[in-house]
Amino acid sequence: MSPIAVQAQSQFNLTQGVTDISQRVYDLHMTIFYICCVIGVIVFGAMFWSMIRHRKSKGRKPATFHESVKVEIAWTVVPFLILIGMAIPATSTLIAMEDSSEADVTILVTGSQWKWHYKYFENDVEFFSLLATQRQQIENKLEKGENYLLEVDRPLVIPTDRKVRFLITSDDVIHSWWVPDFAVKKDANPGFINESWTQVNEPGIYRGQCAELCGKDHGFMPVVVIAKEPAEYDAWIAEQEAAQRQAKEEEQRLLAMSMDMDELMDLGEQVYLGNCAACHQGNGEGVPGVFPALKGSPMALNDMEAHIDIVVNGKSGTSMQAFGNQLSLRELAAVITYERNAWGNDTGETVQASDVNEFMNQ
Ligand SMILES: [Cu+2]
């Protein structure tokens, strides 16, 4: 297909995608579209033809017949047959889309405000995937990149030519995990697990979005999936497993060491901008009445225990999430230190990974 055709297609029509299912969905969509076109031409054609042919100026007299059994049977049977004709391919496609049995890889996808979490069932690998578009681009201070709002720090990686099952759920409100190229779009409901699956034919990078209005940053939780050849995927997953194991060991080792203020502030700022600034704002002033200010807040200035508690455990009934399982001990310590020393909160106090560890284990 020529590049222009591809572009026109992506603008005006459903994508054909990169899986057998997405191709079937596309074909179904086109079949039904053509049926609708034919019906439209016949119905409107008959209507306009009758209006012109039987117009009053030509002296036509209206017919006065009532109740034609033949016509009534025809206009009941014909639409019935058309609907059955459309339902058969539609049902078989839907059944195929729902059949997530005998998957080779199973991944738990969890949405939360406003990021995705991926957990591989067969392997000891899990991670969060956050928007990677720079804040300056969003604020129109920098030119917007090619994949503006469609780029993440850690994409989901799946193998090609293997059946990948997704179990989709949510930690807070309803989200929806959507990758158009796979023809997968499933609601992520808190307390429920929805299933979907895909089998990608071509290696590549596929982008999608949260498709359910889920709050203020709904447009800021994209999905990026990288499909790799099976051998490459196996190598990747082994590498991830090793890296995550090592990170846990490293974490234990670092508990004994303390970081100085500069290190904590540097790391803390990064963590803050990635996880906290969406609500509490980059300047720590929050949004009055919605997200509390951290700048000058009594908790950030005085009550260190309460401060660690709210970051680690969150606050139920609010959008303050529990970050205890999302960030490492070092990151937690750094972001708490940052909040206690940035924007004029000059407490001069540092919080170390060991302090957070002690709090979590008490
Ligand atoms: Cu969402």
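Helices (H or I, at least four residues) and strands (E, at least two) are DSSP runs, numbered from the N terminus. By these runs, D260 sits in the loop between α5 (230-254) and α6 (261-275). This is a predicted model, in which local features need pLDDT of at least 70, side-chain atom pairs count only at pLDDT 80 or more, and totals for chains, interfaces and linings use all residues. Residues are numbered from 1 along each chain as its sequence is written, and side-chain values use heavy atoms, with hydrogens and water left out.

**Charged patches**
- On the surface, D260, D262, E263, D266 and E269 form a patch of negative charge (patch residues have over 30% relative accessible area and no salt bridge, and like charges are joined within 9 Å; a salt bridge is a side-chain nitrogen of Lys or Arg within 4 Å of a carboxyl oxygen of Asp or Glu).
- D260 is partly exposed, at a relative accessible area of 44% (buried is under 20%, exposed over 50%, partly exposed in between, with a 1.4 Å probe and protein chains only).
- A surface patch of positive charge is made up of R53, R55, K58 and R60.
- R53 is partly exposed as well, with a relative accessible area of 37%.

**Helix α2**
- R53 belongs to helix α2 (residues 20-53).
- The 34 residues of α2 should span 50 Å at 1.5 Å a residue, and its end C-alpha atoms are 49 Å apart, which agrees (the expected span is 1.5 Å times one less than the number of residues).
- Buried residues in α2 include I21, S22, Y26, L28 and M30.

**E146**
- E146 is in the loop between α4 (135-138) and β4 (156-159), and E146 is exposed, with a relative accessible area of 79%.
- A separation of 33 Å lies between the C-alpha atoms of E146 and A342, which are 196 residues apart along the chain.

Definitions and conventions: Patch = residues over 30% accessible without salt bridge, like charges linked within 9 Å, V, L, I, M, F, W, Y side chains within 5 Å. Areas by Shrake-Rupley, 256 points an atom, 1.4 Å probe, with all protein chains shown as cover. Lys, Arg positive; Asp, Glu negative; His and termini not counted. Charge placed at Lys NZ, Arg CZ, Asp CG, Glu CD.
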